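Colleague: I have some time to go through this one with you. Shall we take it question by question, starting with the rings and ending with the whole chain?

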Amino acid sequence: GVDVVCTNKDCYDSKVRQIAHYFKTMGSDYITETTIRNLGVSSIEAMYELDELEIASIEGFGIKKAEQVYYEIQKTLKVTPDKLLASFGISGIGKTLAPVILNRYKFEDLFEVESIEGIEGIGEVLSMNLVNNINNFKPLYEYLLRKGLTFMKTEKSSISGLVFTLTGKMPMKRDIITRMITAKGGSVKGISKSTDYLVTDDPTSGSAKNQKAQAFGTKIIDFETLMEMIEG
């Protein structure tokens, strides 16, 4: 577990981690903690204020690297709403639950809600985490709108709103499969009563997850069937 927690709001290391989490979640794996430290910034907003010439003038950055960093920053202004919500780093509200929440609520409405209700997997603790913290990010959201933030629509499909659990060996990395599912409006999490489909390499296996799926009445499918659902 965590042994040491910095409670200082001005802690630079904490700010760097927050900025790195934000950009990684928004789709910029190129923006690392090292890059942020070398840029010398201490806020997400400061990242968007950088221009290519300013970046290129910093030691360790040339024109080509400056162009890449600038592009990686600017491309995050066109993103799906769930990625922005997950990028805030609110405890428990990550890549799995953010799409589920935004299937029910408009992004702007989240700043006004008093509780998140009627969503499987979100109890009182997660609801309060969101309600108590979301308005801390309203100034950032309004800043991003001024910078040209545009929400891309999450593609709707036959799997929109469905919950999947992945188990066993897959022909590609699980994070790639997860992105494919969430891009179509589905979500991925651990096996529970709310899971609609268990995706496995062996539907006849006697594994613990297969047994739980059978007990919950969850449909068990293989990877090929999942791909047919995603492409259908």
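**Rings, threonines and the chain**

Colleague: Are Y22 and F23 buried or exposed?

Modeller: The test is relative accessible area with a 1.4 Å probe and protein chains only: under 20% is buried, over 50% exposed, and in between partly exposed. On that scale, Y22 and F23 are both buried.

Colleague: Before we go on, what kind of model is this?

Modeller: Residues are numbered from 1 along each chain as its sequence is written, and side-chain values use heavy atoms, without hydrogens or water. Local features need pLDDT of at least 70, side-chain atom pairs count only at pLDDT 80 or more, and totals for chains, interfaces and linings use all residues, since this is a predicted model.

Colleague: Thanks! How many aromatic pairs does a search of the whole structure find, and which geometry do Y22 and F23 have?

Modeller: Rings of Phe, Tyr and Trp (its six-membered ring) pair if their centres lie within 6.5 Å; planes under 30 degrees apart are stacked, over 60 edge-to-face, the rest tilted. The search of the whole structure finds 12 aromatic pairs. In Y22 and F23 the ring centres are 4.8 Å apart and the planes stand at 90°, so the pair is edge-to-face.

Colleague: How many residues apart are F88 and F107?

Modeller: These two rings also form an edge-to-face pair, at 6.2 Å centre to centre and 70° between the planes. F88 sits in the loop between α6 (81-87) and α7 (97-102), and F107 in the loop between α7 and α8 (124-133), so the pair links distant parts of the chain. Helices here are DSSP runs of H or I with at least four residues and strands are E runs of at least two, numbered from the N terminus.

Colleague: Which residues join F88 in a ring cluster?

Modeller: F88 and F107 are both buried. Ring pairs link F88 into a cluster with F107, F111, F137, Y141 and F151.

Colleague: Which helices are among those covering the buried residues of α8?

Modeller: The buried residues in α8 are L126, S127, N129, L130 and V131. Cover is judged by contact, which means heavy atoms within 4.5 Å. What covers these residues includes α6 and α7.

Colleague: On to the threonines. Which backbone oxygen lies 3.2 Å from a polar atom of the T218 side chain?

Modeller: T218 is in the loop between α11 (208-216) and β6 (219-221), and it counts as buried because its relative accessibility is 8%. Beyond its neighbours within four places in sequence, T218 is in contact with residues including I191, Y197, L198 and A213. The backbone oxygen at 3.2 Å belongs to T195.

Colleague: What is the relative accessible area of T167?

Modeller: T167 lies in strand β3 (residues 163-167). Leaving aside neighbours within four places, its contacts are R174, L198, V199, T200, D201, K209 and N210. T167 counts as buried because its relative accessible area is 13%.

Colleague: Which side chain makes a 2.7 Å polar contact with T204?

Modeller: T204 is in the loop between β5 (197-200) and α11, and its 71% relative accessibility makes it exposed. A polar contact is a pair of N or O atoms within 3.5 Å; within protein, one must be able to donate a hydrogen and the other to accept it, and residues adjacent in sequence count only if both atoms are side-chain atoms. At 2.7 Å, the partner of T204 is D202.

Colleague: How far apart are the C-alpha atoms of K193 and A213?

Modeller: K193 is in the loop between β4 (187-188) and β5, and it is exposed because its relative accessibility is 71%. K193 and A213 are 20 residues apart along the chain, with a C-alpha separation of 8.1 Å.

Colleague: Last one, on the whole chain: what percentage of its residues is buried?

Modeller: The chain has 12 helices and six strands, and its C-alpha atoms fill a box of roughly 60 × 40 × 40 Å along the principal axes. Among contacts between residues at least 6 apart in sequence, 61% join residues at least 24 apart. Of the 232 residues in the chain, the buried share is 42%.
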